[in-house]
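Me: Hi! I've got a model open and would like to talk through a few of its features with you.
Reply: Happy to, go ahead.

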Amino acid sequence: MATNGQNLTPDWTVSTTWPPIRDELETETSASQDKTVQQCLPLLHAYDSSLGDFHHDDLPKLDRAKHARFLHRSLQTLPAVAVGYDASRPWMVYWALTALSLLGEDVTPYRQRVTQTFASMQNVEGGFGGGHGQISHCASSYAVVLSLAMVGGADSLGMIDRKALWHWLGQVKQADGGFRVCVDGEEDVRGGYCSMVMISLLNLPLSLPPGAPARRAGLESFMDGLPEYMSRCQTFEGGISGSPQTEAHGAYAFCALACLSILGPPQRTISSYLDVPLLVAWLSARQYAPEGGFAGRTNKLVDGCYSHWVGGCWPLLDAAISDSQAKQAAENLPGSSLYSRDGLTRYILACCQSEKGGLRDKPSTYPDSYHTCYVLAGLSSAQHYNYYNKGQKDSGLSELGDAFRWASMPYRSSYQTGEGSRLRPIHPIYVIPWSAVEDTREYFEQQGQF
């Protein structure tokens with residue numbers, strides 16, 4: 001880890017031994033935790049030679065070829081038992097394309113298939129459902145938009161009916177400032193984040209459509225009341241819940257932080273609407289030792305997917321706390337991290353890789369495209385210094401331009417995984433490659449608003 005420009009050699013004692021202080025009271029939860037540690041310790045010690053080639057410090061290399069083959073297979077015809085995932089098809093495409101992009105694979109050959117698949121999911125009233133004939137949903141629409149951004153091209157991006165989507169989003173905007181995930185569906189921070197991703201990336205008008213129900217409550221913009229809604233979702237623990245008065249969860253923390261980072265400079269939006277020290281304390285407690293990975297909630301086990309959902313919170317929080325990120329980047333001296341990048345990297349490479357390809361929750365589970373996507377996204381974030389650059393040229397999207405004022409550089413420390421295990425950088429807000437964000441933004445800026 002780099003601290004004040006000095007390299008410090010990681011001390012792996014904490015990652016290879018049982019915690020020095022343990023509660024003697026045994027419960028079902030503590031038994032599950034002990035079982036997880038027992039599964040992880042041999043891998044963290046690199047006792048398992050089936051993992052293949054190793055870096056120095058006995059850390060397995062990222063098996064890029066196996067993971068790429070696993071992901072390409074997930075985009076082919078699936079067996080009949082997968083019919084239960086029909087409503088998740090946009091997500092399955094997004095997870096695979098994102099993970100392949102992080103590995104450096106070219107996903108443009110999927111452009112025609114992706115465009116044709118999603119065309120049947122677009123509804124006349126706006127937005128995309130999870131499958132043909134299914135109602136529009138913020139989550140599936142988000143996954144469709146980001147997948148089309150990754151495959152790129154005028155035909156793919158041009159198939160989105162932006163005006164209809166704008167009207168549909170007006171129907172899910174709520175009088176209290178939040179968003180439902182679908183018409184008459186639940187209201188939570190996912191709706192706010194997914195909606196603002198689409199509004200900012202597609203250059204949709206910020207003003208509410210004339211028929212939006214929220215106008216009757218005096219709201220005029222999609223932004224009205226939204227940061228206040230996010231603020232009400234912070235719990236007594238410090239974490240962020242899906243909706244007010246519910247349990248804090250790492251994925252909701254990311255959604256809230258990313259949404260606030262779209263609405264304005266993180267130092268202003270995040271610091272004004274959230275108790276940052278309390279949130280930092282809660283998120284810090286989600287990284288466990290000896291595993292090194294993150295758990296999503298209090299008193300839960302580590303899970304590889306939170307490498308992104310919790311790990312992805314840190315660059316956003318760092319931007320809210322620090323006003324010298326761009327200066328540190330210019331001097332090639334990123335400041336000390338708010339979390340253990342090295343510990344997370346060790347957990348991912350040692351415990352999350354399946355020998356058959358793909359990445360997983362933990363050693364006792366099987367790989368899938370969901371975990372492969374978000375484990376790799378977390379590893380990419382740990383390998384890069386993603387920072388808010390307030391001096392960067394303003395976007396044509398003047399009111400939401402702060403979402404595009406981010407930059408990235410490789411994060412270097414004395415502990416290196418080797419170039420063979422390094423991934424492409426990923427945008428800290430949109431969670432797709434930087435080039436896809438920039439190309440999509442430029443395309444819709446040229447299209448103008450309506």
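Me: Which are the buried residues of α15?
Reply: They are C313, W314, P315, L316, L317, D318, A319 and A320. Buried here means under 20% relative accessible area, exposed means over 50%, and partly exposed is in between, using a 1.4 Å probe and protein chains only.

Me: And how many of the nine residues of helix α15 is that?
Reply: Eight of the nine, so helix α15 (residues 313-321) counts as mostly covered. Helices are DSSP runs of H or I with at least four residues, strands are runs of E with at least two, and both are numbered from the N terminus.

Me: Good. What should I know about the model itself before we go on?
Reply: This is a predicted model, where local features need pLDDT of at least 70 and side-chain atom pairs count only at pLDDT 80 or more, while totals for chains, interfaces and linings use all residues. Residues are numbered from 1 along each chain as its sequence is written, and side-chain values use heavy atoms, with hydrogens and water left out.

Me: Switching to packing: at what angle do the axes of α5 and α6 cross?
Reply: At roughly 155°, and the axes of helix α5 (residues 111-119) and helix α6 (residues 138-151) come within 9 Å. That makes α5 roughly antiparallel to α6; the cut-offs are under 35 degrees for roughly parallel, over 145 for roughly antiparallel, 65 to 115 for roughly perpendicular, and oblique for the rest. The axes are lines fitted to C-alpha atoms, for helices over the stretch in contact, with angles from 0 to 180 degrees between N-to-C directions.

Me: Which residues make that contact?
Reply: On α5 they are R111, V114, T115 and F118, and on α6 they are V144, S147, L148 and V151. Contact means heavy atoms within 4.5 Å. The residues divide into five nonpolar, two polar and one charged; Ala, Val, Leu, Ile, Met, Phe, Trp, Tyr, Cys and Pro count as nonpolar, Asp, Glu, Lys and Arg as charged, and the others, Gly among them, as polar.

Me: Now aromatics. How many aromatic pairs are there?
Reply: The count comes to 18. Rings of Phe, Tyr and Trp (its six-membered ring) pair if their centres lie within 6.5 Å, and planes under 30 degrees apart are stacked, over 60 edge-to-face, and the rest tilted. One of the pairs is Y94 with Y142, with centres 6.2 Å apart and planes at 55°, so the pair is tilted.

Me: Where do Y94 and Y142 lie?
Reply: Y94 is in helix α4 (residues 89-102) and Y142 in helix α6, so the pair ties together parts that are 48 residues apart in sequence. Y94 is buried at 0% relative accessible area, and Y142 is buried at 3%.

Me: What about W309 and Y374?
Reply: They form a tilted pair, 4.7 Å centre to centre with 45° between the planes. W309 lies in helix α14 and Y374 in helix α18 (residues 369-383), and both residues are buried. W309 and Y374 also belong to one aromatic cluster, whose members include W91, Y94 and Y142.

Me: Last topic, the backbone. Is Q245 buried or exposed?
Reply: Exposed, with a relative accessible area of 78%. Phi of Q245 is near 70°, a positive value in a residue other than glycine. N203 also has a positive phi, near 60°, but N203 is buried at 7% relative accessibility.

Me: And which peptide bond is cis?
Reply: The one from A289 to P290, with omega near 15°. P290 is found in the loop between α13 (276-284) and α14 (306-309).
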